[in-house]
Amino acid sequence: MRKNRLLEHFKQYNERHALFSHQDKILLTVSGGVDSMVMLSLFVEGGYNIGVAHCNFNLRGAESDGDEATVEAAAKAYGVPYYCKQFDTTAEMEQSGESMEMVARRLRYEWFNELSREHGYTSIAIAHHIDDSIETFFINLFRGTGLRGLTGITRQRGNIIRPLLFAERREILEYAVSHKIPFREDSSNRSQKYLRNKIRIGMLPMIREINPRFTSIMRGNLYHLTDAERFIEAGISKIKETVLEHCDNDIDRIHTTLIEEHFPQEFVIYEILNSQYGFKGDVVVELYKALQKSDSGKRFYSKEYIACIDRADIVIAPIAEDDECKTIVSREQLRSYCGNAVLYFEHTDIDNISDYNAPAEVAYLDEQKLVYPLTLRRWREGDSFIPFGMIGRKKVSDYLTDRKVSVIEKSRQFVLLSGEDIVWVVGRRIDDRYRITKQTENILKITKQTL
């Protein structure tokens with residue numbers, strides 16, 4: 001009975017939102033986990049035209065191979081086309097400098113789109129459910145976000161569809177167990193070192209204990225927030241017709257004086273800069289402060305664009321190849337953006353550090369030796385520092401060459417300076433003069449996260 005009910009809800013949800021039909025050819029992304037294995041079963045039961053794609057990222061040894069075998073066996077049993085690709089994820093991380101999550105995401109979507117073009121798939125189905133969407137809401141809430149980040153996971157974006165967003169994790173698991181659908185459990189899902197798992201395992205069960213209807217309530221909240229976000233998008237589009245000017249040479253200009261007085265000016269500026277140019281919330285806050293002071297010439301960066309204050313206007317352009325993306329970091333600043341990454345700054349006491357063997361993405365600096373404000377910029381020819389553990393100086397260019405850093409990644413490399421000293425070749429090595437010693441009391445901890 002539960003199987004039929006879940007199947008009926010599956011059909012009703014996707015018909016109501018017109019995500020796909022029996023005339024479509026749909027590529028299912030199946031990891032071997034319970035969500036995607038249930039999704040596969042529902043598509044087969046519904047009689048849809050499907051194929052199965054599985055990515056083996058070779059990150060968990062025998063576990064990864066077991067996932068692959070499970071998915072292949074299911075596809076064979078159902079008699080549907082099966083595609084599998086193995087990735088050297090670690091090598092790709094070293095070459096690109098991206099985080100594991102970003103590399104895996106880029107690789108899989110590039111391959112899914114390649115399969116779609118080659119075999120004529122009209123949609124790519126991802127097995128996210130309502131609990132995933134709620135977790136995403138809290139992740140974005142904790143990290144800081146605009147309204148768009150509070151709408152959870154989108155059910156459709158381009159050719160990507162999420163046909164299980166109506167279902168709860170509990171329903172999916174019960175369906176799999178009661179109907180003997182094989183699935184694999186990723187051991188990393190139990191680790192609470194990841195924010196999503198902390199929310200899933202630690203926080204949400206306590207909320208549900210307070211209110212058992214929490215999931216249903218949040219489902220409604222996400223629908224309302226999505227409607228509000230669409231309404232705001234439509235309003236911002238109308239405002240942009242008046243205030244946003246597209247000039248020559250890929251330069252855009254926001255005429256802030258043309259924003260009507262009864263509109264919340266900072267919010268309008270944020271929506272334009274964030275949705276169209278990728279500027280983050282705290283960067284826009286600092287930009288707006290500079291705008292209020294008429295601080296002409298001050299520059300701010302997103303991943304791909306630079307925004308500059310020009311009296312009452314904001315001028316936006318793509319970042320030039322020779323732009324060193326120089327930004328000033330005050331002691332009070334919590335984060336700063338550099339190229340395709342963000343740096344998080346945390347001031348702490350040495351007693352709070354339990355493990356000094358920090359990964360390359362984390363820097364521990366003796367704060368008493370730093371001179372604020374710090375400077376963050378791309379490295380330039382002639383830069384040198386004393387790599388941690390060494391005595392003599394070394395040119396940054398030679399250090400990157402020795403580390404076999406690709407030409408593309410060299411162009412993206414940032415350095416953090418205190419005065420004229422490079423204290424960190426970002427994401428790679430700190431300067432030995434700023435390391436933690438027995439005399440260190442206060443520490444600046446910096447964490448790099450690739451976007």
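## Packing of H2 against H3

Helix H2 (residues 34–45) and helix H3 (residues 62–78) have axes that come within 12 Å and cross at roughly 10 degrees. Here axes are lines fitted to C-alpha atoms, for helices over the stretch in contact, with angles running from 0 to 180 degrees between N-to-C directions. H2 and H3 are therefore roughly parallel to each other; angles under 35 degrees count as roughly parallel, over 145 as roughly antiparallel, 65 to 115 as roughly perpendicular and the rest as oblique. Helices (H or I, at least four residues) and strands (E, at least two) are DSSP runs, numbered from the N terminus.

On the H2 side, Met37, Leu40, Ser41 and Val44 meet Thr70, Val71, Ala74 and Tyr78 of H3, contact meaning heavy atoms within 4.5 Å. The residues of this contact divide into six nonpolar, two polar and no charged. Ala, Val, Leu, Ile, Met, Phe, Trp, Tyr, Cys and Pro count as nonpolar, Asp, Glu, Lys and Arg as charged, and the others, Gly among them, as polar.

## Basis of the model

This is a predicted model, in which local features need pLDDT of at least 70 and side-chain atom pairs count only at pLDDT 80 or more, while totals for chains, interfaces and linings use all residues. Residues are numbered from 1 along each chain as its sequence is written, and side-chain values use heavy atoms, with hydrogens and water left out.

## Salt bridges

The count comes to 25 salt bridges, each being a side-chain nitrogen of Lys or Arg within 4 Å of a carboxyl oxygen of Asp or Glu. One of them pairs arginine 60 with aspartate 67, with the closest N and O atoms 2.4 Å apart. Arginine 60 is partly exposed at 26% relative accessibility, whereas aspartate 67 is buried at 7%. Buried means under 20% relative accessible area, exposed over 50%, and partly exposed in between (1.4 Å probe, protein chains only).

Lysine 238 and glutamate 241 form a salt bridge at 4.0 Å, N to O. Both residues lie in helix H9 (residues 214–243), three residues apart, about one turn of the helix, and both are exposed. In another salt bridge, the closest N and O atoms of aspartate 431 and arginine 433 are 2.9 Å apart. Aspartate 431 is buried, with 0% relative accessibility, and arginine 433 is partly exposed, with 29%. Elsewhere, salt bridges that share partners join Asp132, Glu135, Arg169, Arg196 and Arg200 into one network.

## Cysteines

A disulfide is a covalent bond between the sulfur atoms of two cysteines. With the cut-off for a pair of cysteine sulfur atoms set at within 2.5 Å, the count is zero disulfides. Cysteine 247 is in no disulfide, and its nearest cysteine sulfur, that of cysteine 308, is 13 Å away. Cysteine 247 is partly exposed at 30% relative accessibility.

Cysteine 338 is buried at 4% relative accessibility. The closest cysteine sulfur to that of cysteine 338 belongs to cysteine 325, at 9.1 Å, too far for a bond.

## Two loop residues

Threonine 256 lies in the loop between strand E8 (252–255) and helix H10 (265–277), and is buried at 4% relative accessibility. Leaving aside neighbours within four places in sequence, threonine 256 is in contact with Gln265, Ile269, Leu291, Ala312, Asp313 and Ile314.

Glutamine 23 is in the loop between helix H1 (2–16) and strand E1 (25–29). Glutamine 23 is exposed, at 70% relative accessibility. The C-alpha atoms of glutamine 23 and arginine 143 are separated by 41 Å, the two residues being 120 apart along the chain.
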